[in-house]
Amino acid sequence: MKYISTRGGIDPVSFNQAIMMGLASDGGLLLPETIPTFSAAEIEDLTELPYNQLALAIFSRFIGDDIPQDDLRRLIENSYATFSTKTVVPLERVGDLYIQELFHGPTYAFKDVALQFLGNLFEYLLAREKRSLNIIGATSGDTGSAAIHGVRGKANINIFILYPHGKVSAVQEKQMTSVLDDNVFNLAIKGNFDDGQRIVKELFADLEFKRNYQLGAVNSINWARIMAQIVYYFSAYNQLPVAARKDFSVVVPTGNFGNIFAGWMAKEMGLPIKRLILATNANDILYRFIKTGTYSLGEVLPTLSPSMDIQLASNFERYLYYLNDRNPQQLKNMVAEFTTSGKLAINSDLFKKMTIDFASTRVEDQAILTTIRDVWQKTGYILDPHTATGVSAAQEYRVKHPTDTAIVCLATAHPAKFPDAVEQAIGTPPPVPPAIAALEKLPCRFDLIEADTAEVKAYVMGKLNT
Ligand SMILES: *Cc1c(COP(=O)(O)O)cnc(C)c1O
């Protein structure tokens with residue numbers, strides 16, 4: 001399978017090149033040249049497969065001969081052996097909904113599903129190409145810890161994660177700083193998340209530094225992350241009772257449009273998903289787009305679901321490319337319109353096309369709290385605040401579409417990761433899994449550093465030159 005850029009400015013590249021590139025050199029995002037499809041009969045055959053084999057069947061379609069089957073099988077097995085359940089992404093019945101728990105990986109959030117695999121894939125490709133990679137990223141919490149756990153102890157990779165000192169949750173900080181592997185560097189910066197992002201951006205703009213030190217990014221635009229996330233939509237189908245499999249809908253708590261784009265791909269591949277319901281918090285740029293057809297930048301507001309406090313959805317361009325019938329020039333015109341005016345609008349034909357696939361709800365903090373409380377009172381199940389945005393959206397959708405069949409809500413984090421919001425909703429903090437409780441006593445390592453690009457650069461050079 002070859003990969004192309006949404007902006008049409010590169011020659012098709014191999015899967016391996018697409019993964020190592022991250023972002024296409026013309027500024028676009030990478031996509032497979034064609035979307036592989038499964039027939040209805042093939043989808044039934046997939047229902048027999050345990051998770052790792054399901055992943056192998058799906059990944060193979062996107063990778064082709066670029067990675068030998070045995071190697072790919074081993075990469076997948078190593079990636080999901082770190083999950084605490086054999087099912088990897090179990091589906092639970094909660095009231096009249098299904099909740100798919102994506103948080104059984106090492107950092108208790110769904111990003112592990114993709115980043116456990118990406119870490120192994122990077123290590124494999126780097127060894128093959130005899131090169132190394134130094135990942136630098138800024139985090140407000142979830143992505144940093146999942147990335148660190150994805151690459152800890154891997155050969156030929158170092159990771160430097162900048163986080164705002166004193167401004168990430170205690171669990172998130174410990175999940176990062178308790179990783180003592182030699183290739184992991186935690187930098188607590190004396191500033192906020194925006195300072196961290198600015199520093200990383202400035203380091204990447206220093207092209208000589210970037211080249212000489214083999215810098216790479218961790219963010220949700222790497223194709224392998226989308227590919228890994230497609231699998232759990234198929235797994236949801238497999239775990240549904242047979243009668244509920246026809247035309248189910250999936251609710252996705254959304255920030256960067258990565259998770260829900262994977263769901264859209266699964267639908268295009270032939271999985272009978274009826275509707276993808278996009279849940280946002282008060283940061284509602286995607287909700288407004290789905291309601292009105294206009295994508296326009298707002299201000300980032302802090303909410304109870306901080307991993308969705310995002311305005312610019314970095315994966316949205318992938319969907320826009322398909323919406324524009326894979327026409328890179330039309331896509332580029334839209335991107336240009338957005339860059340100059342902070343706004344882009346689609347015409348009524350495209351709008352109609354989009355509403356066949358997507359519905360959306362915006363969920364305020366108050367509704368997040370009410371939903372956590374209601375579900376807990378009725379069923380005893382405790383939602384995290386991100387998952388609660390999805391469940392709230394599902395309840396609204398159910399009222400509007402009473403005859404619709406099954407609704408699967410993706411649970412993106414374990415409630416113990418966000419105990420304050422849960423306690424605010426139900427009056428007691430959620431039960432803490434032993435692995436999270438144990439974090440408190442673990443030794444940790446981080447370096448406190450000024451929020452200054454030159455200092456961070458000197459730090460990185462100092463570590464890499466020894
Ligand atoms: C990252 C994250 C999201 C948003 O996922 P996107 O792929 O950016 O849409 C939702 N919930 C949690 C807990 C997350 O960590």
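# A chat about strand, core and ligand

Visitor: Where does S5 lie?
Guide: S5 lies in strand β1, which covers residues 2-5. Keep in mind that this is a predicted model.

Visitor: Is S5 buried or exposed?
Guide: S5 is buried, because its relative accessibility is 2% and the cut-off for buried is under 20%.

Visitor: What does the side chain of S5 make a polar contact with?
Guide: With the side chain of D26, at 2.8 Å. D26 also turns up among the residues that S5 touches, along with I10, A24, G28, L29 and L30, leaving aside residues up to four places away in sequence.

Visitor: Okay, over to E317. Which helix is E317 found in?
Guide: Helix α13, made of residues 316-323. E317 counts as buried because its relative accessibility is 12%.

Visitor: And which residues does E317 touch?
Guide: Not counting residues up to four places away in sequence, E317 touches T6, R7, G28, L29, L331 and V335.

Visitor: Let's talk about the ligand. How many residues surround the ligand?
Guide: There are 15, and the closest are K111, D142, G255, N256 and T412. By type, the shell divides into 5 nonpolar, 8 polar and 2 charged residues.

Visitor: How far is a polar side-chain atom of D142 from an oxygen atom of the ligand?
Guide: That distance is 2.7 Å. Backbone atoms come in as well: a polar backbone atom of N259 is 3.0 Å from a ligand oxygen, and a backbone N or O atom of F257 lies 3.4 Å from an oxygen atom of the ligand.

Visitor: How much of the ligand does the protein bury?
Guide: Taken alone, the ligand exposes 380 Å², and the protein buries 97% of that.

Visitor: New topic. Which residues touch the most other members in the largest nonpolar core?
Guide: F59, W223, Y233 and F234 do, in a core of 114 residues. Helix α10, residues 223-239, gives this core its largest share, 12 residues.

Visitor: What does W223 touch?
Guide: Setting aside residues up to four places away in sequence, W223 touches Y3, F15, I19, L30, L31, P32, F62, F261, M265 and R318. There is also a second, separate core of 29 residues, and it includes I368, Y381, V391 and A394.

Visitor: I clicked on A388. Where is A388 found?
Guide: A388 is found in helix α17, residues 385-400. A388 is buried, as its relative accessible area is 0%.

Visitor: How far apart are A388 and Y3?
Guide: They are 385 residues apart in sequence and 36 Å apart in space, C-alpha to C-alpha.

Visitor: What about S360 and L278, how far apart are they?
Guide: In sequence, S360 and L278 are 82 residues apart, but in space they are 4.6 Å apart, C-alpha to C-alpha. The side chain of S360 reaches the backbone oxygen of L278 at 2.9 Å.

Visitor: Which strand is the place of S360?
Guide: Strand β14, residues 358-362. S360 is buried there, with a relative accessible area of 5%.

Visitor: Last one: which residues does S360 touch?
Guide: L278, Y287, I290 and K291, not counting residues up to four places away in sequence.

Methods: Residues numbered from 1 in each chain as written. Predicted model: local features only at pLDDT ≥ 70, side-chain atom pairs only at ≥ 80, totals over all residues. Heavy atoms only, no water. Helix = DSSP H or I, 4+ residues; strand = E, 2+ residues; numbered from the N terminus. Buried < 20%, exposed > 50% of the residue type's maximum accessible area, 1.4 Å probe, protein only. Contact = heavy atoms within 4.5 Å. Near = heavy atom within 4 Å. Polar contact = N/O pair within 3.5 Å; in protein donor to acceptor, adjacent residues only side chain to side chain. Areas by Shrake-Rupley, 256 points an atom, 1.4 Å probe, with all protein chains shown as cover. Nonpolar A, V, L, I, M, F, W, Y, C, P; charged D, E, K, R; others polar. Core = buried A, V, L, I, M, F, W, Y, C linked by side-chain atoms within 4.5 Å.
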